[in-house]
Amino acid sequence: MGRLDGKVALVTGGAVGIGAACAARLVEAGARVAIVDLHDEIGRQLAGQLGGRAHYFHADVAVETEVAAAIAGAVAAFGRLDVLVNNAGIAGANKPTHELTEAEWDRVQAVNVKGVFFCTKHAIAPLRAAGGGSIINLSSIYGLVGAPDVPPYHASKGAVRLMSKTDALLYAADRIRVNSIHPGFIWTPMVEQHIASLGGDPQQQRREIGALHPLGHMGEADDIAWGVVYLASDEAKFLTGSELVIDGGYSCR
Ligand code: NAP
C-alpha cells in the first residue's frame, strides 16, 4: 500500500525543480499526478518517465482560463482531484524597491500570488466533490523573514503564507486542508539562475549561500518533495493552516 494510493494530485510548475521532484515522489507514493507548466516538452517528457500515472497539461497560472482548462483536463483524465500543489513561481526582478517598475512588480504578483488564487479557486469544486483534500502552497523562508533583495518576490511569499491560513479557515468545514511550505535555498534552475545573475564565481556563490543555512549547505528538491508527500497524505489529517519550514535551520536565527 502506498501512502497516497487512490489520490490524484495536480502540481503547478511541475516540469522542473521542486515541482518535478514533487511529481515523482507523489507518483512513487501511489498518487496519479497532473503536471502543469509552461515548458511543454520537458513536462511531457517527465510525465512519460512517470508512466501512465502522470499527464502533462500546459497552463500559465497567471491566466485564469488556462488554469480552469488544466484543472478540468486533470479531472477528466483522472476522475477526481485530491491534492493541489501550488508550486509555480518566479523570482522576478532583483532591484531595490525604488528602482522597480510597476510592470516588474505586477508580473511577480501575477504568477506567485494571483496564480495561487486562480488554482485554488478552480480546485475547490473538485476537492469538495472528492469529499475533501489538501492544498499545499509553496511560500519560502522569505514569507517568514526578510532579506535585502528581490522585494516583489518576498512580498509575494508573505502573501502566500497568509492566503494559506485564510483558505485553511474558509474550507476546513469542507475537509480541505491548506498549508504552506517554507523552503530555504534549494538547488533548482531558479537558484542556478539567481546565482548566475549575481556574477562572480558560481561555485563560490553556491558555497556562500549554502553557508547561510546552519546545516551548512543548500537543500535539494527532494527535501521539499517529502514534505509535500506528508502534507498530501492522511498522516497529516489534523494539519491545516500550518507552516512547514524546511530550511536547514536558516530561519532559526
Ligand atoms: P524553478 O526551478 O524556476 O521551477 C519552477 C517551474 O514553474 C518552472 O518550470 C517555471 O517556468 C514554472 N513557471 C513559472 N511561471 C509559471 C507560470 N506562470 N505558469 C506555470 N508555470 C510557471 O523553481 P523552483 O526553485 O523549483 O521553485 C518552486 C517553488 O518553490 C516556487 O514557488 C519558488 O518560489 C519556491 N521556492 C523555491 C526555493 C528555492 O530555493 N529553489 C526556495 C523557496 C521557495 P520558467 O522556467 O519559465 O519560469
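**Packed helices and buried cores**

Me: At what angle do helix α4 (residues 102-129) and helix α5 (residues 151-171) pack, and how far apart are their axes?

Reply: The angle is about 20°, and the axes are 8 Å apart. This is a predicted model, in which local features need pLDDT of at least 70 and side-chain atom pairs count only at pLDDT 80 or more, while totals for chains, interfaces and linings use all residues. Residues are numbered from 1 along each chain as its sequence is written, and side-chain values use heavy atoms, with hydrogens and water left out.

Me: Why is α4 called roughly parallel to α5?

Reply: Angles between N-to-C directions run from 0 to 180 degrees, with axes fitted to C-alpha atoms over the stretch in contact. Under 35 degrees counts as roughly parallel, over 145 as roughly antiparallel, 65 to 115 as roughly perpendicular and the rest as oblique. At about 20°, α4 is therefore roughly parallel to α5.

Me: Which residues make the contact between α4 and α5?

Reply: Among them are W105, V108 and F117 of α4, and Y153, V160 and M163 of α5. Contact means heavy atoms within 4.5 Å. By class, this contact has 14 nonpolar, four polar and three charged residues. Here Ala, Val, Leu, Ile, Met, Phe, Trp, Tyr, Cys and Pro are nonpolar, Asp, Glu, Lys and Arg charged, and the others, Gly among them, polar.

Me: How do the axes of α3 (residues 64-78) and α4 meet?

Reply: They come within 9 Å and cross at roughly 30°. In α3, E64, V67, A68, I71 and V75 meet F118, C119, K121, H122, A123 and P126 of α4. Eight nonpolar, one polar and two charged residues form this contact.

Me: Why does K7 count as buried?

Reply: Buried means under 20% relative accessible area, exposed over 50%, and partly exposed in between (1.4 Å probe, protein chains only). K7 has 16% relative accessibility, so K7 counts as buried. K7 sits in the segment before β1, and its contacts beyond four places in sequence include A31, R32, D82 and V83.

Me: What makes a set of residues a nonpolar core?

Reply: Its members are buried Ala, Val, Leu, Ile, Met, Phe, Trp, Tyr and Cys residues, joined through side-chain atoms within 4.5 Å. The largest such core here has 34 residues, and L26, V33, I35, V85, I136 and I181 have the most contacts inside it. A second, separate core of 28 residues includes A59, L84, F118 and L127.

Me: Which residues does I181 contact, leaving aside neighbours within four places in sequence?

Reply: I181 touches I136, I224, V228 and L231, among others.

Definitions and conventions:
Helices (H or I, at least four residues) and strands (E, at least two) are DSSP runs, numbered from the N terminus.
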